[in-house]
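Me: I am new to this structure and would be grateful for a close look at one part of it, the helical packing around its core. Please take me through that part in one connected account.

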Amino acid sequence: TMGFVYLSNDSKTALLWYKNFTFFGVINIMPNFYLFSVVTAGFLKKQRPWVLAGFIVANIVYVLSLATDQFISSTWLYYWGYYPHYEPLTILFFIPYLMLFITSQVNLWVAYKREKIPIKKTQILTIFIALLIGFAASVDFIAKVWYVPIYPLGFIPAFILAALVAYSVIRHQAFD
């Protein structure tokens, strides 16, 4: 839906697209990564409450962002189109986002260190590296927090993440 945001004719329409549709996807990126790391590492039984908490916190922030202008109040017009402006309260999104990323990486690293089967070890390491690369997509937040005309190239590390995970799943028969 970012394409609709960029192509909007006015700020109000761009904001509507972002707050109602795009932000829902953005807010759920890290809880999904965390769930994926927990399943990959074999920790689902132990960390299920934390997975649920991650989704609950993220979606509370989403609902609050819909109900108020305290998270996303406007858009900025950059040379590539309209782009959302995050308010200071969005820290309530960034803190869990960072915590879930770190926890995901720790889960994968622990699983990598304890794994004895070489192919599974390689699979876990590939996913660890993929998530690390994918986190570089967070650079897109710079232009959302500060008015800095850095084109949002986060789709590139996101594509590399998807390609590496797909490779790992297919090549190493992940989840078979």
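Reply: A nonpolar core is here a set of buried Ala, Val, Leu, Ile, Met, Phe, Trp, Tyr and Cys residues joined through side-chain atoms within 4.5 Å. The model examined is a predicted one. Its largest nonpolar core has 42 residues, of which Tyr-18, Phe-23, Val-26, Ile-27, Ile-72, Tyr-86 and Phe-93 touch the most other members. Helix α5, residues 91-114, supplies the largest share of this core, with 7 residues.

The account now turns to helix α5 and its partners. Two packed helices are described by the angle between their axes and the distance between the axes.

Consider α5 with helix α3, which spans residues 29-41. The axes of α3 and α5 come within 9 Å and cross at roughly 15°. Because angles under 35 degrees count as roughly parallel, α3 is roughly parallel to α5. The crossing of this pair is left-handed. On the α3 side, the contact is made by Met-30, Pro-31, Phe-33, Tyr-34, Ser-37, Val-38, Thr-40 and Ala-41. On the α5 side, it is made by Tyr-97, Leu-100, Phe-101, Thr-103, Ser-104, Asn-107, Leu-108, Ala-111 and Arg-114. Sorted by class, the contact of α3 with α5 has 11 nonpolar, 5 polar and 1 charged residues.

Is Ser-104 buried or exposed? With a relative accessible area of 1%, Ser-104 is buried, because buried means under 20% relative accessible area. Not counting residues up to four places away in sequence, Ser-104 touches Phe-33, Tyr-34 and Ser-37.

Helix α6, residues 118-135, also packs with α5: their axes come within 9 Å and cross at roughly 160°. Angles over 145 degrees count as roughly antiparallel, and α5 and α6 are therefore roughly antiparallel to each other. The crossing of α5 and α6 is left-handed. From α5, the residues involved include Tyr-97, Leu-98, Phe-101, Leu-108 and Trp-109. Those that they meet in α6 include Ile-124, Leu-125, Phe-128, Leu-131 and Phe-135. The contact of α5 with α6 divides into 14 nonpolar, 1 polar and 2 charged residues.

Helix α3 packs with helix α4 as well, at an angle of about 175° and with their axes 9 Å apart. That angle makes α3 roughly antiparallel to α4. In this contact, Pro-31, Asn-32, Tyr-34, Leu-35, Val-38 and Val-39 of α3 meet Leu-44, Gln-47, Trp-50, Val-51, Gly-54, Phe-55 and Ala-58 of α4. The residues of the contact of α3 with α4 divide into 10 nonpolar, 3 polar and no charged.

Leaving aside its neighbours within four places in sequence, Gly-54 is in contact with Pro-31 and Leu-100. Pro-31 is listed in the contact of α3 with α4, and Leu-100 belongs to the α5 side of the contact between α3 and α5. The C-alpha atoms of Gly-54 and Val-148, 94 residues apart along the chain, are separated by 30 Å.

Terms used
Residues are numbered from 1 along each chain as its sequence is written. This is a predicted model: local features need pLDDT of at least 70, side-chain atom pairs count only at pLDDT 80 or more; totals for chains, interfaces and linings use all residues. Side-chain values use heavy atoms; hydrogens and water are left out. Buried means under 20% relative accessible area, exposed over 50%, partly exposed in between (1.4 Å probe, protein chains only). Helices (H or I, at least four residues) and strands (E, at least two) are DSSP runs, numbered from the N terminus. Axes are lines fitted to C-alpha atoms, for helices over the stretch in contact, and angles run from 0 to 180 degrees between N-to-C directions. Angles under 35 degrees count as roughly parallel, over 145 as roughly antiparallel, 65 to 115 as roughly perpendicular and the rest as oblique. A crossing is left-handed if the near helix is turned anticlockwise from the far one by less than a right angle, and right-handed if clockwise. Contact means heavy atoms within 4.5 Å. Ala, Val, Leu, Ile, Met, Phe, Trp, Tyr, Cys and Pro count as nonpolar, Asp, Glu, Lys and Arg as charged, and the others, Gly among them, as polar.
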